[in-house]
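I wanted to read through one protein structure slowly, and to keep notes on what I looked up at each step.

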Amino acid sequence: MTKINNLSSVDELSRSDSIPVYARGSSDTRRSSVGTLIDKAREGLATYVSLAEDDGATKVGTPTGTVQQGLDARPTSVSLAAAEGAALVGTQPAAAGSYLRTLKDIAEDWVDVLSFIPPAQHAAMFAGTSTYDATASLLAARDAAIAGGKGMRAPYWGNLFCAGNVDLSGVKNIDIPGPMQIGTSGTPAMLTVGGGANSSSWCFRFGDVTNGTSVLAAAPPATPVMRIFGLKRSEVVVGSCNYLQLWADAAVSAGNSTAYNQIFLNGAQSKVEITDAGGFSWITENEFHGGGIQRLSIIGVGYPHNHNKFNRPVFEGAAVALVYTNCSSNLIEDARFEAVSASAGWTCAANTYLNKIIVSWSGVGSPRGDYVIPTMPVSDLGQDNIITTRALMTHRKNRLFSVNGQSLIVGNATVSTSNERAVNPARFNNLIRALITPSLRGFTVATTNRVIAVSDRIPVLNGDTVVFDGDFDGSLARALVYVYDANMNLLTSEGGGGVYFNAPSFTYTSANGSYGHGADVSAAIFNGLAGSVVRSEVKFIRVLIYSAAGGFFRSLGASIYSRQLLQPSGQEGAASMRPMALSLAGPPTNGFAPEGTPIYDSTSRRNGVNVFSWETQLTGALAAGAVSATVTTILTVANGDLVGILLSDGTTHWTTVSGLAGSTFTIAAIPVGKDALAGAPVVFNRWAYSDVGYFTGSGGTVTQLTSKATGVTLNKACGQIVTHNASLATNTTASFTVTNSTVGATDTILIHRGSGGTANAYWVYVDSVAAGSFVVSVSNLSGGALAEAVTINFSVIKAVTA
């Protein structure tokens with residue numbers, strides 16, 4: 001055997017574990033023994049020597065294979081960049097309860113639109129300069145999303161352009177927050193989402209969706225740019241859009257209805273439309289939020305779309321147009337309308353019902369907008385389509401006064417009265433009661449600071465608002481509000497606490513505790529003018545309207561709106577002017593009042609009443625200078641009755657009937673420059689004193705011709721008859737017939753000598769009465785013949801037998 005050096009004895013050689021062996025490892029030399037190597041060989045284990053070989057990793061096992069197999073399975077930079085690379089990288093949130101997922105699983109929760117667009121286009125898209133047509137890319141992403149039951153999304157970028165139609169129907173969730181251009185103004189195309197009318201809880205978010213033109217500066221295209229079709233109980237968010245349409249089509253099972261959705265408009269909308277393809281295609285209970293809308297159309301083709309609601313939209317500018325056809329119970333709530341007077345306004349067809357627009361306050365620093373319906377054209381051929389404001393709905397309204405063509409106003413050459421109280425000039429600082437000439441279509445006010453209407457002192461609370469209304473041409477009227485404390489004393493100092501009553505353009509006059517205009521204003525300013533009580537010290541107010549310039553008014557009025565709280569007792573009663581008898585210095589010579597209207601003559605201190613009132617129309621036109629008129633029905637009109645004829649300029653020609661021939665009567669000439677149209681209203685009044693007397697115009701005079709037996713004609717209720725001066729022998733009686741259309745067969749005629757002739761020489765009496773006439777007898781009791789003209793006074797007292 002080979003000699004082994006350095007062994008101490010033979011005995012040691014007999015023990016194999018005493019024989020040293022040195023084996024070289026990967027980086028050092030390890031000492032072992034022959035026995036150890038033999039034992040390991042018997043166990044089939046790799047030795048240090050074999051593990052250090054090139055294939056050593058194949059000789060070490062793990063539960064899933066050898067170490068070499070594990071090393072071979074590790075991802076490399078090449079494999080991570082491959083199609084399935086994301087499946088080789090795992091991630092797990094640190095939070096408790098989370099699970100390990102691969103990046104591939106996470107990435108494939110949504111279909112990424114960017115994955116279907118060539119990478120070379122990405123930079124230009126993010127920069128907003130891309131002209132790449134992504135139509136096919138979006139459709140491919142759609143197919144992948146539907147196939148995998150997943151949503152589709154794109155990152156926010158500069159632009160996404162699609163030249164053709166992009167129908168994304170069937171995709172349940174879409175998130176494309178960046179701007180999209182669908183088609184062009186010359187080549188229209190449409191983006192369609194939905195197609196799940198039998199499903200629910202889908203969700204779509206889009207940025208601006210346009211055809212490349214300005215949303216507000218240009219008219220909307222002829223066809224929709226974006227269509228929401230067949231969708232229920234879902235949410236849609238969209239930025240600006242040229243033409244957004246909600247659509248339903250009964251011929252498509254997944255698109256027969258669009259309902260119960262929440263739609264958020266995060267931008268301007270040139271046109272929003274709700275319509276259908278016909279048949280039982282219904283669109284109902286969708287709720288829109290926000291948006292600046294120029295044109296809104298709700299058009300039911302096959303179904304009356306109903307209960308769709310628009311929350312807090314803005315309608316602004318001359319392009320605004322709301323068109324409703326075959327729809328009902330749709331609501332626009334808390335909307336702001338601005339500069340819409342020249343717009344097309346709101347048009348409701350005959351088959352529209354119960355649609356409502358509620359306008360919210362849009363003014364700044366005043367309550368005007370909260371109480372004024374927007375000035376825009378409204379054409380309502382349907383039923384109960386209403387436009388109002390939030391304040392008008394939530395506040396109680398009390399009418400203070402109205403003065404118009406239907407008001408009870410009568411007058412004469414010196415004074416007029418309506419159903420407002422007489423105004424004390426000392427109380428209202430150089431203002432005097434209006435001299436009003438009434439018209440059947442308005443009234444005319446004389447100049448020099450004339451008070452037209454004034455209210456009582458009205459109890460108020462802080463926040464109560466007065467709103468004025470008026471219809472007139474030019475700058476003719478101004479308003480005043482007087483403020484009082486709890487003791488009904490005028491508040492003649494603001495005391496550094498700010499205004500008591502806040503209204504646009506009102507100024508405070510401390511001397512009389514009033515707020516009002518400094519000059520007459522136009523109807524555009526006056527109509528809808530609103531002011532509010534803004535300090536708690538104000539417990540009562542008085543409202544007054546007057547005119548410094550004077551002129552023709554079609555209407556004037558004021559109302560007070562109070563919060564729905566317990567108000568001090570008496571506001572409703574005080575808000576309406578107390579009824580009172582009309583008071584004039586003489587009988588009325590203008591104005592139309594109902595039969596039975598009382599009047600007080602302040603000159604003669606007698607009470608009067610309107611005993612006859614009649615309304616009819618002209619059968620033909622009247623030119624300037626005309627002195628007779630013919631009406632359709634004359635009824636019992638009599639000479640002396642007050643008559644009013646409505647002229648074409650809105651004023652009324654007031655005169656008296658001075659002659660009758662059937663339905664034609666004589667009048668004072670129609671004024672120069674005036675005329676009346678055929679069919680114009682004509683009204684008649686007859687006033688009589690309740691103390692058995694007559695007003696001026698009721699009487700007349702007639703002179704007997706030929707002899708004292710010659711009959712006369714005088715169609716007046718009272719008057720004088722001057723007899724002929726023929727000789728009448730003593731103890732002789734002369735009788736003559738007075739033809740008078742005002743006399744009835746049962747009437748009583750009062751008659752006596754008034755003047756003329758010898759005193760105490762004549763007995764004058766009525767011998768008989770018939771319908772339309774009575775017989776007068778004159779007897780000479782003097783004892784000698786008398787050849788004198790005698791003046792006889794008479795009056796007709798109406799009487800009946802039952």
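The entries below go from the whole chain to single residues.

**Entry 1: ground rules**

I noted that this is a predicted model, in which local features need pLDDT of at least 70 and side-chain atom pairs count only at pLDDT 80 or more, while totals for chains, interfaces and linings use all residues. Residues are numbered from 1 along each chain as its sequence is written, and side-chain values use heavy atoms, with hydrogens and water left out.

**Entry 2: confidence**

I looked up the pLDDT, which is the predictor's confidence in each residue, from 0 to 100. The protein chain averages 83, and 81% of the residues score at least 70. Over residues 1-16 the pLDDT is below 50, and this stretch has eight contacts in the model beyond near neighbours in sequence, where contact means heavy atoms within 4.5 Å. Residues 572-580 also stay under 50, and the model has 25 contacts for them beyond four places in sequence. I reminded myself that where pLDDT is low, the predicted coordinates should not be read in detail.

**Entry 3: the whole chain**

I found twelve helices and 71 strands in the protein chain; helices (H or I, at least four residues) and strands (E, at least two) are DSSP runs, numbered from the N terminus. Of the 802 residues, 45% are buried, and buried means under 20% relative accessible area, exposed over 50%, and partly exposed in between (1.4 Å probe, protein chains only). Among contacts between residues at least 6 apart in sequence, 67% join residues at least 24 apart.

**Entry 4: strand 52**

Is strand 52 largely enclosed or open to the outside? Eleven of its 13 residues (551-563) are buried, so strand 52 is largely enclosed by the rest of the structure. I then listed strands that pair with it, where two strands pair if DSSP finds at least two bridges between them:

- Strand 36 (residues 395-404) is antiparallel to strand 52 over nine bridges, and His 395 has Arg 563 as its bridge partner.
- Strand 44 (residues 465-472) is antiparallel to strand 52 over eight bridges, with Phe 472 opposite Phe 553.
- Strand 41 (residues 442-445) is antiparallel to strand 52 over three bridges, with Val 445 opposite Gly 551.

I next looked at an open, antiparallel sheet of three strands in the order 57-61-60. Its edge strands, each pairing on one side only, are strand 57 (628-630) and strand 60 (659-661). Strand 60 is joined to strand 61 (residues 664-666) by three bridges, and Leu 660 stands opposite Phe 665.

**Entry 5: Asn 242**

Where does Asn 242 lie? I found Asn 242 in the loop between strand 17 (235-238) and strand 18 (244-248), and at 1% relative accessibility it counts as buried. Its side chain reaches the backbone nitrogen of Asn 211 at 2.8 Å, and a polar contact of 3.3 Å joins it to the side chain of Thr 213. A polar contact is a pair of N or O atoms within 3.5 Å; within protein, one must be able to donate a hydrogen and the other to accept it, and residues adjacent in sequence count only if both atoms are side-chain atoms. Leaving aside residues up to four places away in sequence, Asn 242 touches several others, including Val 209, Pro 220 and Lys 271.

**Entry 6: cysteines**

I counted zero disulfides in the structure, a disulfide being a pair of cysteine sulfur atoms within 2.5 Å. Cys 241 is buried, with a relative accessible area of 0%, whereas Cys 203 is partly exposed at 32%.
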